[in-house]
Amino acid sequence: MSTMFYIITTIAVVMVVFTIVLMFSSTLRGKMLSKQVKSMKYMMDESKDDLESISTDMANATKGGIETTTRAIKKGLTEEEDIYCKHCGSKIDHDSTFCKKCGKKQ
Ligand SMILES: [Zn+2]
């Protein structure tokens, strides 16, 4: 009879301890998680300015390239157009000031 009592008591104690450990660990996990979230948020806030400056630098760096490309495209497009003399109507070069045929200024 006393053996039975011991077994039941042991089971009860183990269950109580187990519940306490579970509760404690979940609280600990929650605390750790919130700490992690807080530190992540802090890191994000700290690096926000850096990220902004980096993206600005990148935008400035690519701006020149984009401008050059745009200019090249524009040049290519305008060069494809045929230009004719205002006076005699013959085809002339895109960058020429005078007509090859009649010699008049464009
Ligand atoms: Zn001409």
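Here is a short chat about the zinc site and a few residues of this predicted model.

Visitor: Which residues hold the zinc ion here?
Guide: The protein donors are the SG atoms of Cys85, Cys88, Cys99 and Cys102, lying 2.2 to 2.3 Å from the zinc ion. Donors here are N, O and S atoms within 2.8 Å of the metal (3.2 Å for Na, K and Ca), with water not among the atoms.

Visitor: How are the donor residues spaced in sequence?
Guide: The spacing is C-x2-C-x10-C-x2-C.

Visitor: And why is the arrangement tetrahedral?
Guide: Because the four donor atoms subtend angles of 104 to 116° around the zinc ion; four donors count as tetrahedral if all angles lie between 85 and 135 degrees.

Visitor: Is Cys99 buried or exposed?
Guide: Cys99 is buried, at 4% relative accessible area, while Cys102 is partly exposed at 34%. Buried means under 20%, exposed over 50%, partly exposed in between (1.4 Å probe, protein chains only).

Visitor: New topic: what does Ser90 touch?
Guide: Leaving out residues up to four places away in sequence, Ser90 touches Ile83, Tyr84, Cys85, Cys99 and Lys101 (contact means heavy atoms within 4.5 Å). Ser90 is buried too, with a relative accessible area of 15%.

Visitor: How many salt bridges are there?
Guide: One, between the side chains of Lys100 and Asp93, at 2.9 Å, N to O. The rule asks for a side-chain nitrogen of Lys or Arg within 4 Å of a carboxyl oxygen of Asp or Glu.

Visitor: What should I know about the numbering and the cut-offs?
Guide: Residues are numbered from 1 along each chain as its sequence is written, and side-chain values use heavy atoms, leaving out hydrogens and water. In this predicted model, local features need pLDDT of at least 70 and side-chain atom pairs count only at pLDDT 80 or more, while totals for chains, interfaces and linings use all residues.

Notes: Tetrahedral: all angles 85-135°; square planar, octahedral: opposite > 155°, others 65-115°.
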